Amino acid sequence: MSKTEKKAPPAFIFGQRPKHIEDTVKFPLPDGTQAEVKVQFAYRTRKEFGALWDEIAASGQELAKAVEGETITYEGLMGKGNETNAKNALKYISGWEGVPVELSAASLEQLFDEAPAASPAFWEAYRNAVLTGRLGN
């Protein structure tokens with residue numbers, strides 16, 4: 001290689017990882033419209049994501065144990081599900097835009113109660129962003 005030729009930058013730098021990744025999460029609303037929320041997710045490596053998934057799966061088992069022996073009502077089950085999903089979402093969502101309230105467990109619980117498609121949409125967007133990635137800003 002001559003002195004005038006420039007060396008191409010590396011395609012990937014090991015150990016250089018983002019703190020956050022952003023994506024726009026879309027989900028249907030009960031009135032037939034679609035919500036779009038710009039979300040900031042916590043970055044995790046593939047192994048770290050696997051550990052998070054294990055933690056979230058364990059919380060589902062804890063939810064099942066919590067209702068064991070109780071008189072189960074659908075209202076109670078839905079409420080505990082929203083609460084668990086909100087706590088879990090805060091483990092991977094670090095911010096959002098386009099929502100008129102602050103990101104919190106309470107705001108996520110209300111969102112998941114009023115727009116049931118939101119919870120799985122957030123998880124699926126996060127899973128895809130971490131495991132598959134995306135192009136562009």
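The legends below describe close-up views of a predicted model.

Local features are given only where pLDDT is at least 70, side-chain atom pairs count only at pLDDT 80 or more, and totals for chains, interfaces and linings use all residues. Residues are numbered from 1 along each chain as its sequence is written, and side-chain values use heavy atoms, with hydrogens and water left out.

**View 1. Overall arrangement of the protein.** The secondary structure comprises 4 helices and 3 strands, where helices (H or I, at least four residues) and strands (E, at least two) are DSSP runs numbered from the N terminus. Their order from the N terminus is β-β-α-α-β-α-α. Of the 137 residues, 28% are buried (under 20% relative accessible area, with exposed over 50% and partly exposed in between; 1.4 Å probe, protein chains only). Among contacts (heavy atoms within 4.5 Å) with a separation of 6 or more, 58% are between residues 24 or more positions apart. The protein exposes about 9700 Å², of which carbon and sulfur atoms supply 54% (Shrake-Rupley method with a 1.4 Å probe).

**View 2. The open sheet of 3 strands.** The strand order is β1-β2-β3, and the pairing is antiparallel; two strands pair if DSSP finds at least two bridges between them. Because β1 (20-28) and β3 (93-97) each have a single partner strand, they stand at the edges, and one side of each is left without a neighbour in the sheet. Direction ignored, neighbouring strands are turned by 30° against each other on average (axes are lines fitted to C-alpha atoms, and angles run from 0 to 180 degrees between N-to-C directions).

**View 3. The pairing of β2 with β3.** Strand β2 (residues 34-42) runs antiparallel to β3 and is joined to it by 4 bridges. V39 has W96 of β3 as its bridge partner.

**View 4. Surroundings of S107.** S107 belongs to helix α3 (residues 105-114). With a relative accessible area of 11%, S107 is buried. Leaving aside residues up to four places away in sequence, S107 touches W96, V101 and E102. A polar atom of the S107 side chain lies 2.9 Å from the backbone oxygen of E102. W96, one of the residues that S107 touches, is also the bridge partner of V39.

**View 5. Helix α2.** Helix α2 (residues 74-89) has 16 residues and spans 22 Å from its first C-alpha to its last, close to the 22 Å expected at 1.5 Å a residue (1.5 Å times one less than the number of residues). Buried residues in α2 include G81, N82, T84, A86, N88 and A89.

Technical notes
Polar contact = N/O pair within 3.5 Å; in protein donor to acceptor, adjacent residues only side chain to side chain.
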